[in-house]
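Here is a briefing on a protein model. Please look over the sequence and the coordinates before reading the points below.

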Amino acid sequence: MRPTQPRFAVWRILPFWGGLLLALLVGIHFGAVKLSLSEIWQGLTGAAAGAQIETILWQIRLPRVVLAACVGAGLAIAGAAFQGVFRNPLADPFVIGASSGAALGATLALLCLAGSVTVITSTGQVPWLILAAFGGAMLIVGAVFVIASLSKLGRSAPLLTLILAGMALSSFTGALVSLIMFLNHEMLNTIFNWLLGSFSGRHWNEIAIAGPVILVSGGLLWMLSRPLDLLSFGDETAMSLGLPSGKVRLLILAAATLCTAACVSVSGVIGFLGLMAPHMTRILLGPRHGLLIPGSALLGATLLVIADTLARTVIAPTEIPVGVVTALMGCPFFLFLLISRGRQTM
Amino acid sequence: MKHQFELKLILLLLMLAWLVGCGTQEAGSVASQTEQGVPAPASELPAASEEAAVDVVAETQSFPVTVKDYQGRDVTLAKQPRRIISLLPSHTETLFALGAGEQMVGCTSLCNYPQETEELKQIALANPGSISLEALVELQPDLIVTGGDYHRQLAAQLETLKIPVLALESQSVADIEKAMLGIGQATGHSRQGQKLIARLKDEIAGVQKQIKPFQKEERPQVFYRVWDQPLMTAGPHSFIGELITLAGGENVFADVEPAYPQVSEETLILRNPDVIVLPRMKAGPSDAREVVEKLRQRPGWSDMAAVKEGRVYLIEDDVISRPGPRVVQGLQKLAQALYPEAFPHP
């Protein structure tokens with residue numbers, strides 16, 4: 001922990017760990033197929049529980065739960081970083097076009113690979129969909145940065161320019177995706193589902209690809225939590241304290257974008273989480289990034305695991321997109337926190 | 001100052017003169033269009049109407065006729081339609097099967113059967129919102145055959161333009177029969193319509209008779225894979241679901257409500273289908289063995305009875321998912337997949 005944090009602050013994060021653990025257990029226990037606790041225990045410990053149950057547990061359910069946790073943590077960390085760096089409470093991981101870029105990449109991949117969708121994520125195959133989504137996200141964010149640096153306004157208010165350029169390009173790519181949906185009516189469902197976010201059919205493969213990226217970029221952002229604290233006081237304060245704010249900011253933006261792109265490329269667009277999880281954590285743990293970032297990660301992971309469990313079970317065997325659940329579930333919770341605890345910290 | 005005023009006046013007059021000129025020119029062009037346009041079809045029509053007249057005589061069906069649409073509303077046609085547009089591929093097939101193909105002037109760009117559709121004016125169709133009313137009106141149709149709820153809004157617009165619309169659903173075998181009856185009456189082919197219905201019933205009964213000796217109490221469990229990611233199937237309330245039942249199979253997802261729901265992979269693995277059927281898309285693989293190989297690589301799928309025994313079948317999507325006269329072909333292929341022993345010489 002950072003020396004500036006009061007020592008006991010570390011303990012305040014313990015309930016977050018507890019929450020995540022509980023959510024993971026709930027996520028493993030409940031699913032479209034009912035597994036008893038003893039079956040789960042047998043399956044996890046390798047005792048013979050039946051090949052089908054073992055397959056469901058190890059190949060379908062566990063990877064989904066773990067992936068939801070990874071993506072939830074990643075989106076929440078990116079959200080906390082974007083809010084800090086932009087000094088804007090409305091900033092979220094999608095603010096500079098990462099999500100719409102990923103959506104465009106994935107849509108184009110779906111369009112080109114429509115026939116061979118069977119293989120998009122089987123293990124051992126080239127995960128074209130993921131790569132395309134990732135490429136799309138990086139491409140659009142790159143374009144946003146180029147446009148922002150070309151703009152004359154960029155010198156006076158670079159952050160505002162970034163947000164505006166991001167919004168403009170988001171609308172543009174959003175329109176392109178809509179056009180593709182409009183012209184390919186038979187793919188409407190698939191693309192739409194992707195735009196709402198889903199963990200359906202995701203396996204260890206996705207975790208192996210996105211997990212390390214989320215871990216590294218998220219860890220980097222945590223290491224940068226001190227500069228993030230300073231940046232959130234404003235550029236001048238940060239500079240007067242000896243922070244090379246331009247370079248640090250670029251590093252933070254790059255790491256947060258990478259993190260977002262990794263999340264979106266495996267899950268689709270899951271709104272709300274990256275915006276709300278850091279705010280909830282800020283209300284509960286305070287605004288210091290040293291604690292805020294791990295706290296957000298844990299809370300984000302918890303919320304997304306629960307949301308995905310609901311998405312899998314509410315009308316099983318039918319599934320619903322997880323992005324719908326996050327918004328329906330998280331918003332009331334967020335408003336409750338805002339009303340009950342908001343006055344102290346906002 | 002005075003000069004300027006004069007200049008302006010002259011300019012104004014010139015503009016007025018130009019406008020008037022334009023107006024007369026436009027009027028002139030409209031007139032010439034009508035001169036060229038109306039007589040042209042008239043000169044073409046006699047041939048068509050002679051044939052149609054033969055038809056009418058042969059059928060002894062007199063106009064005006066009143067036909068019930070899918071909502072039970074009366075649609076009255078003063079005379080036999082000679083410029084028909086169909087907005088559903090299945091209705092197009094029905095029209096041709098009834099012998100009304102020669103009365104058609106337009107269809108959608110998805111209508112690809114029979115081959116004669118190539119000679120018709122194709123109205124681009126991705127979804128109802130993309131159909132241009134102007135393009136429809138330009139064809140001077142005297143009957144537009146539409147789907148039911150799918151085209152509700154468009155049908156209302158056409159009615160305000162005083163274009164006769166016959167709206168008929170196309171979602172089930174019963175719908176196909178109703179469409180054959182309704183379209184037959186409306187186009188002056190009601191006897192062919194009745195014949196076609198009788199033939200359809202015969203053929204369906206024929207397929208069922210053929211599989212009957214091989215049916216056991218335990219029906220083959222069928223999974224119809226509409227899409228891969230998200231995993232989507234055809235529910236029991238869909239047309240494909242109906243075909244599965246007619247072909248003597250049992251849908252593994254018999255308990256889902258929506259027609260084409262996203263379903264849980266866990267449940268699929270647990271329910272362990274005996275047969276997997278996929279639509280064969282143009283861009284997709286054409287060899288079922290290739291598909292089996294790919295499915296085998298997916299976590300949990302290799303243990304499925306259908307994958308193990310290689311009972312994965314591709315059926316051309318046009319015959320299995322299009323509720324038209326060719327339904328029997330789809331049904332036959334499905335029955336063949338479920339009861340290969342009943343079809344010794346495929």
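Predicted model: local features only at pLDDT ≥ 70, side-chain atom pairs only at ≥ 80, totals over all residues.

Residues are numbered from 1 along each chain as its sequence is written, chains are lettered from A and ligands numbered from 1 in the order in which they are written, and side-chain values use heavy atoms, with hydrogens and water left out.

**Chain A overall**
- Chain A has 16 helices and 0 strands; these are DSSP runs numbered from the N terminus, with helices being H or I of at least four residues and strands E of at least two.
- Of its 346 residues, 56% count as buried, meaning under 20% relative accessible area, with exposed over 50% and partly exposed in between (1.4 Å probe, protein chains only).
- Among chain A contacts with a separation of 6 or more, 75% join residues 24 or more positions apart; contact means heavy atoms within 4.5 Å.

**Helices α14 and α15 of chain A**
- The axes of α14 (residues 273–285) and α15 (residues 289–313) of chain A come within 8 Å and cross at roughly 125 degrees.
- Axes are lines fitted to C-alpha atoms, for helices over the stretch in contact, and angles run from 0 to 180 degrees between N-to-C directions.
- α14(A) and α15(A) are therefore oblique to each other; under 35 degrees is roughly parallel, over 145 roughly antiparallel, 65 to 115 roughly perpendicular, and the rest oblique.
- Residues of α14(A) in the contact include A:Leu273, A:Met280 and A:Leu285, and those of α15(A) include A:Leu291, A:Gly295 and A:Leu304.

**A:Gln59**
- A:Gln59 lies in helix α4 (residues 51–86) of chain A.
- A:Gln59 is partly exposed, at 30% relative accessible area.
- Leaving aside neighbours within four places in sequence, A:Gln59 contacts A:Glu54, A:His203, A:Trp204 and, in chain B, B:Pro299.
- A:Gln59 and A:Phe272 are 213 residues apart in sequence and 28 Å apart in space, C-alpha to C-alpha.

**B:Arg322**
- B:Arg322 sits in the loop between α12 (317–320) and α13 (327–338) of chain B.
- B:Arg322 counts as buried because its relative accessibility is 9%.
- The B:Arg322 side chain reaches the backbone oxygen of B:Leu110 at 3.4 Å.
- The side chains of B:Arg322 and B:Asn112 make a polar contact (3.0 Å).
- A polar contact is a pair of N or O atoms within 3.5 Å; within protein, one must be able to donate a hydrogen and the other to accept it, and residues adjacent in sequence count only if both atoms are side-chain atoms.
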